[in-house]
Amino acid sequence: METEFTRQNPVNDLLQQPEQQEALAQLLRDLPVLVARLEQLEKSVSFAEHVLQDKESVLPLVKEVERRVEQTGLTKAHLDSMIELSRLLPEVTPLLKQGVTSLLFVKTVVEDEQSMKDLLSSPPRVPMLEETKRRYTHKQLEKKRISPLRILRLVRHPMWKQGFLYVESLLETFEMKKKKRG
């Protein structure tokens, strides 16, 4: 028969749940690893405390670092720039990787004699650009005037509208990123 004490004890209620029993079993299985990690953490903290208390070993090290920084001629502006650059690294690194990959490809093509012959003998053709060039040349020969009405008609074209909206969004994004960094 259960006593009043056991019925009201929330720990006993928790221990009766299978999830809690499994969690405790897992904790007991992991206990040696956790103890080893805790001991390593204690050793690291103890070492850090000893280093910070040992002014005789720390001060010469700090003075040597200061001396070397002074020799480099770095100023506060340099250090601020390095910090800002380190903040940008997560954004810049993927772009740099893509750039390096592209440069390696271009280098391989340039160094390959057959690829260069093929490239120079028949430059790649883009049909849309060729048609655009043909139309542009034709319009130049006609000496067609550009009137305000024609400009207004061009600006109303859906493709121009999308282009303007995209450029506007791009500028807003640049401004927002600039404000976040500043």
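From the N terminus on, the protein chain reads α-α-α-α-α-α-α-α-α. This is a predicted model, where local features need pLDDT of at least 70 and side-chain atom pairs count only at pLDDT 80 or more, while totals for chains, interfaces and linings use all residues. Residues are numbered from 1 along each chain as its sequence is written, and side-chain values use heavy atoms, with hydrogens and water left out.

Q: How many helices and strands does the protein chain have?
A: Nine helices and zero strands. Both are DSSP runs numbered from the N terminus: helices are H or I with at least four residues, strands are E with at least two.

Q: Why is the pair of Trp160 and Phe164 called tilted?
A: Rings of Phe, Tyr and Trp (its six-membered ring) pair if their centres lie within 6.5 Å; planes under 30 degrees apart are stacked, over 60 edge-to-face, and the rest tilted. By this rule there is one aromatic pair. The centres of Trp160 and Phe164 are 5.8 Å apart and the planes stand at 40°, so the pair is tilted. Both residues sit in helix H9 (residues 158-181), four residues apart, about one turn of the helix.

Q: Why does Trp160 count as partly exposed?
A: Its relative accessibility is 43%, so it lands in the partly exposed range. Phe164 gets the same label, partly exposed, at 45%.

Q: How do you know that Glu22 and Arg29 form a salt bridge?
A: The rule asks for a side-chain nitrogen of Lys or Arg within 4 Å of a carboxyl oxygen of Asp or Glu. For Glu22 and Arg29 the closest N and O atoms are 3.0 Å apart, which passes. Glu22 is partly exposed at 46%, and Arg29 is partly exposed at 48%.

Q: How many salt bridges are there by this rule?
A: The count comes to nine.

Q: What separates Arg67 and Glu64 along helix H4?
A: They are three residues apart in helix H4 (residues 55-72), about one helical turn. Arg67 and Glu64 form a salt bridge, with the closest N and O atoms 2.6 Å apart. Glu64, Arg67 and Arg68 are also linked in a network of salt bridges. Arg67 is partly exposed at 39%, as is Glu64 at 28%.

Q: Why is Glu111 called exposed?
A: Its relative accessible area is 58%, so it passes the mark for exposed. Its salt-bridge partner is Lys107, with the closest N and O atoms 3.9 Å apart. Lys107 is partly exposed at 47%. Glu111 and Lys107 both lie in helix H5 (residues 76-111), four residues apart, about one turn of the helix.

Terms used. Buried < 20%, exposed > 50% of the residue type's maximum accessible area, 1.4 Å probe, protein only.
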